[in-house]
Structures are given as C-alpha cells and as structure tokens.
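Here is a short report on strand pairing and charged contacts. Please look over the sequence and the model before reading on.

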Amino acid sequence: MLELYDVVELRAAIPGEELPAGAVGTVVHVFNGPPPAYEVEFADADGRTVAMVTLRTDQIVHRDR
C-alpha cells in the first residue's frame, strides 16, 4: 500500500487530464477503500499543479524519489 507523499508513475496515459504514460506525481491523499485509491498531484517543472487525479493501484507504480 502506498503512503502519503510517495512518488508514483502513471502506467497508462489519461488523455482527459493531458497526462502521458510515465507522468510522475505525488500521493496527496490515501482513500482506504475498498478498493484503495490515491489522490495524486501532478506538477509542471515550475512546481505548479497541472492535475489532481484519483487513481486506483493498478493505474500507478511506486517510484523512488
């Protein structure tokens, strides 16, 4: 199970949010479910939020910082 502030990567693109596969984001909220889900914030190179998306565990991969 992921924890708050874990860094994750998208397994597949989310076209509606203009997020490509491989986009890197940070877990900002954990929904214990069932099933578990995560609110993930995606930011640009300047640190501005570009998307906040609720994702299932099968949509993301935990990534080392």
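Which residue stands opposite Val61 in S5? The residue is Glu9.

## Basis of the model

This is a predicted model, in which local features need pLDDT of at least 70, side-chain atom pairs count only at pLDDT 80 or more, and totals for chains, interfaces and linings use all residues. Residues are numbered from 1 along each chain as its sequence is written, and side-chain values use heavy atoms, with hydrogens and water left out.

## Strand pairing

Strands here are DSSP runs of E with at least two residues, numbered from the N terminus. Two of them pair if DSSP finds at least two bridges between them.

Strand S1 covers residues 7-10 and strand S2 residues 24-31. They pair in the antiparallel sense, over 3 bridges. Val7 has Thr26 as its bridge partner in S2. S1 also pairs with strand S5, residues 60-63. That pairing is antiparallel too and runs over 4 bridges. In a regular strand, side chains alternate between the two faces of the sheet.

## Before S1

Asp6 sits in the segment before S1. Asp6 is buried, at 18% relative accessible area. The classes are buried (under 20% relative accessible area), exposed (over 50%) and partly exposed (in between), with a 1.4 Å probe and protein chains only.

A polar atom of the Asp6 side chain lies 2.8 Å from the backbone nitrogen of Glu3.

Side chains of opposite charge can pair when their charged atoms come close. A salt bridge here is a side-chain nitrogen of Lys or Arg within 4 Å of a carboxyl oxygen of Asp or Glu. By this rule the count is 4 salt bridges.

One of them joins Glu9 and Arg63, with the closest N and O atoms 3.4 Å apart. Glu9 lies in strand S1 and Arg63 in strand S5, so the pair ties together parts that are 54 residues apart in sequence. Glu9 is partly exposed at 28% relative accessibility. Arg63 is partly exposed at 36%.

## Other charged pairs

Arg48 forms a salt bridge with Asp46. Their closest N and O atoms are 3.0 Å apart. Arg48 and Asp46 are exposed.

Arg56 and Asp58 form a salt bridge, with the closest N and O atoms 2.9 Å apart. Asp58 is partly exposed at 46%, and Arg56 is partly exposed at 45%. Shared partners also link salt bridges into one network of Asp44, Asp46 and Arg48.

Methods: A polar contact is a pair of N or O atoms within 3.5 Å; within protein, one must be able to donate a hydrogen and the other to accept it, and residues adjacent in sequence count only if both atoms are side-chain atoms.
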